[in-house]
Amino acid sequence: MKLIERRVTPVDSPFAIACSMAVAVVAAMVVTSLLFVLYGANPLQAYGALFHEPFATWRGFGYTLVRTAPLALIALGTIVSWRSGFGYLGFEGCFVIGAAATSWLALSTAPGAAIGPLPFFAFLLMPLLLSFAAGALWAGVVALMRARFGGNEVLISLMTNYVAILIVQYLVSGPMRAPGGVPETAQLPRATWLPFILHGTRAHAGILLALLATLLVWVSLRKTPLGYELIVSGLNPSAARFGGIDVGGRLVLAAFLAGGLGALAGTVEVLGVQHRLMDGISGGVGFTGIIVALLAKLNPLAVIPAAVLYGGMTVGANAMQRRAGIPSSITFILQSLIVLMVLASDILRRYRVNLAALRPVVKTETR
Amino acid sequence: MPAFAMRKIVKRFPGIVANRDVDLTIEAGEIHALLGENGAGKSTLMQILYGFHSMDSGSILIDGEPVRITSTKDAIALGIGMVHQEFMLVRRFSVVENTVLGLKENAGPMLDLHQASRRLRRLSDQHHLAIDPHAQVQHLPIGVQQRVEILKLLYRDARLLILDEPTAVLTVHEKDQLFSVLRALRDQGRSIVIVTHKLQEVMELADRVTVMRDGRVVGAVSTRETSEQELARLMVGRDVNLRAHRVPIERGRAVLRIDGLHARDEVGQEKVRGISLDVHAGEIVGIAGVDGNGQSQLAEAIMHLLAANQGRVFLNDQEVTRLTVAQHRALGLSYIPADRRHVGSIPEMSIADNAILGSHRERTRGLFLDKRRIREHAERLIARFGVRAASTGAMAGKLSGGNLQKLILGREMMQDAAAIVVEQPTRGLDVGAVESVWLELLRERERGTAILLISAELEELMNLADRIAVMFEGRIVGILNAASVTVEKLGLMISGIALPNATPDQSA
């Protein structure tokens, strides 16, 4: 009997999946330890420094949540579009478009501006709707091109990122620029800021929005006929068409939802953290969010934990540099390794370990 | 002493034993059929002989001498050649280029194609293969491509030719040509193995047959001393009804009416050129034809999965030509596509989720899918149509072809459709599964459904259909009464060789 035996079909119980992911994370950490050693640091201390601040200090945990919210929203957008068969990569663009729309709206409510000051709760829904709509249209155009003309959405969406970023660059250095040296808008009126939710931290209500979005995405994908149609369209477009599903329409719808979610990430960042629009506001979160979705294996319920882990490590990276003198960029290596290992960890579920093989063979002679 | 012998071959794959103590003996100058259902282990056995798989135990003897075959290279060197079901040809290469591909003698820096093509031409003439060595493979019809594969083996002077399901893609005419080529090769003393699950072909072509079931050999007999019925029983392990019993019933009104339909395929070729046809309640109308004569496009045009350029489709006197698939389903027009895994089902989803494809909008409670009712529906389907599955939550992709087809049939039939378009319902299925699919179609006919059955299997049409329309190059070249037609006549008609002196349409 072999100690390690190949299974005919991989185990797919939630426990097995969780175990294989845990093994993947540990493996990534072990590999990264070698890098820590190269820098002459004790890996355990380095990991202590990396994880202590974001997860064991109140203030740091607040920052973790701040990082989590946009990552989670973009990951959810990725899940909606990818599971519907729409390989959208334009979240960086959606993010800045949403941020720009939100900033414009918020600035219009500044004292003396077009709309005038509004109480926060009267204001709250407006940027969410506007931003969602703007992102939806931004991504929807790409979907239309794919559904109508058969364009390649991966390339087109990637290119739209640059268009969006340049548009925002123009806005902050032209029409929306505040007087002063830096290309950025004026600070948004305080009344439009998202409330801070944990006392003594920077954690803002955006995380609640991300939680709500997680729930909505999960319910609509898993529990509704519409979600069924989206997933069938993604898995097998011919079967979907044969089943009477309007695949092109579903594609556009998926793009709307994805783009909207991506834009909400921008809204959250502007109203919760930056409180103004500036060039380079996205900082690559539109791509990191996609990685979080991969880490969550395109399962909406796994998005929040994955985003917390990812966001937390980003926060911890700086602390680690300060306290252990290790370059924070090692964290990026660790993050990437985790994703690689998690994606590769499926192979673990194809094998079983026969502990019985370890026991000495006892020769049992019948008769 | 047999030319080729496999003794006590054992091959295990994780979880299953594909071959258990299999013995196979092939004489020189014989055509040997290896018969068995899908998954019986016949392909594995041949892949061991051809060096694709290693065996766990057993031995291979050639002319009584034990040999070691660890790679296809060894097999080729020992004179063993194989023609796969999917041809291994580079479509943009010429015949001669394909032939010398990967051969040792051309290891020098320059290819000597002239000499090779001279030899190919000689071989082709000698065996009456009629192949131009310089023709590009992509321009050759399927039947000729298969002869190219055989020519390749002859060029390497193979003594044993293994053909995996050789007739699956051939027209009747091409099949006859292939058989005469194979017989000629046998008469030169070569050995030929055909791997198949088609009983008629075994009886027609083979000298001896080895039947496998569940990885074991369950019989090795001379075809002269056996019958189709006996072979079927050996293969399936129980008595199988090869003749479907069709109850005579009074057919009803015309439910599905097709009037002058024209349609083009994705690349713009006109594939359906003016088809008119009525299908009545309680009637099965067969469409006979070689693949690629527009049958698939006809089905898709009826369902409006492909836009018709001209013509109309009526369901119960209501025009449905340009309605969406969803609307068709609501009105009672169902479709069972030929491609079970890519069109008919979503392999990555559960059986329950597959069972509601097309009717998923109705399976709700409030805003949400009603998971309990969906599961119950799937359980009813599994029970009624005898789908063998672990549970309704199992992935559809893990079902065998026959069980998946039963799931799809069940899904469409439980919709109580008025008319069903069925395309190649038993392609690639085992005898046992074919039998149950046929029974379900006949039961549906007795229920008064109008069925349009598109099939390349003439036996199937003869057994099931009330009338058979023969389709050739996008047109119906004749509608025959199934009771009064012979396979030979149908075979000639679908190859476009004999045009009917029109057995008149009985529907007048």
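**Two chains, piece by piece**

Q: Where in chain B does pLDDT stay under 50?
A: Over residues 502-508 of chain B. The model has nine contacts beyond four places in sequence for that stretch. Keep in mind that this is a predicted model. Where pLDDT is low, the predicted coordinates should not be read in detail.

Q: And what is the mean pLDDT of chain B?
A: It is 87. In chain B, 96% of the residues reach 70 or more.

Q: Which elements of chain B have the lowest and the highest mean pLDDT?
A: Helix 17 of chain B, residues 487-494, has the lowest, at 80. Strand 19 of chain B, residues 419-423, has the highest, at 95.

Q: What ipTM and pTM does the model score?
A: The ipTM is 0.81 and the pTM is 0.79.

Q: On to the contact. How many residues does it take from each of chain A and chain B?
A: Chain B gives 24 residues and chain A gives 16 residues. Three elements of chain B each supply at least two residues of its side: helix 10 (325-331), helix 11 (340-344) and strand 18 (368-369).

Q: How do the residues on the chain B side divide into nonpolar, polar and charged?
A: There are 13 nonpolar, eight polar and three charged residues on the side of chain B that touches chain A.

Q: Now domains. How is chain B divided?
A: Domain 1 of chain B covers 4-236. Domain 2 takes 241-332 + 416-508, and domain 3 takes 352-415.

Q: How many Å apart do the C-alpha centres of domain 1 and domain 3 of chain B lie?
A: They lie 40 Å apart.

Q: How is chain A divided?
A: Domain 1 of chain A is 1-39 + 347-367, and domain 2 is 43-326. The C-alpha centres of these two domains of chain A are 37 Å apart.

Q: Which residues of helix 11 of chain A are buried?
A: They are A:Val285, A:Gly286, A:Thr288, A:Gly289, A:Ile290, A:Val292, A:Ala293 and A:Leu295.

Q: What do the buried residues of helix 11 of chain A pack against?
A: Several helices of chain A, including helix 3 (58-83), helix 4 (91-108) and helix 10 (247-274). Helix 12 (303-324) and helix 13 (329-344) of chain A are also among them.

Q: What follows helix 11 of chain A?
A: A:Lys297, whose phi is positive, near 50°.

Q: Back to chain B. What order do the strands of the open sheet have?
A: The sheet has six strands in the order 6-7-8-3-9-10, with mixed pairing. Strand 6 (80-83) and strand 10 (216-222) of chain B stand at the edges. Each has a single partner strand, so one side of each is left without a neighbour in the sheet. The twist averages 20° from one strand to the next.

Q: Do strand 9 and strand 10 of chain B pair in the parallel or antiparallel sense?
A: Antiparallel, over six bridges. B:Thr210 stands opposite B:Ala220. B:Met212 stands opposite B:Val217.

Q: How many residues lie between strand 9 and strand 10 of chain B?
A: Two, and the strands form a hairpin. In its turn, B:Asp214 has a positive phi of about 50°.

Q: Which strands does helix 5 of chain B lie across?
A: Helix 5 of chain B, residues 142-155, lies across strand 6 and strand 7 (160-164) of chain B. Helix 5 runs at about 170° to strand 6 of chain B. Helix 6 of chain B, residues 172-187, also packs on the sheet, touching strand 3 (31-36), strand 7 and strand 8 (191-196).

Q: Where does B:Ala168 lie?
A: In the loop between strand 7 and helix 6 of chain B. B:Ala168 counts as partly exposed, because it has 16 C-beta neighbours inside 10 Å. B:Ala168 and B:Gln85 are 83 residues apart in sequence, but 7.9 Å apart in space, C-alpha to C-alpha.

Q: Last one. How do strand 21 and strand 22 of chain B pair?
A: Strand 21 (467-472) and strand 22 (475-481) of chain B pair in the antiparallel sense over six bridges. B:Arg467 stands opposite B:Asn481. Their hairpin has two residues between the strands, and B:Glu473 takes a positive phi near 50°.

Technical notes
Residues numbered from 1 in each chain as written. Chains lettered and ligands numbered in written order. Predicted model: local features only at pLDDT ≥ 70, side-chain atom pairs only at ≥ 80, totals over all residues. Domains from an automatic or database assignment. pLDDT = per-residue confidence, 0-100. Helix = DSSP H or I, 4+ residues; strand = E, 2+ residues; numbered from the N terminus. Contact = placed C-beta atoms within 7 Å. Nonpolar A, V, L, I, M, F, W, Y, C, P; charged D, E, K, R; others polar. Pairing = 2+ DSSP bridges. Axes fitted to C-alpha atoms, helices over the stretch in contact; angles between N-to-C directions. Buried ≥ 20, exposed ≤ 12 C-beta atoms within 10 Å, placed from the backbone.
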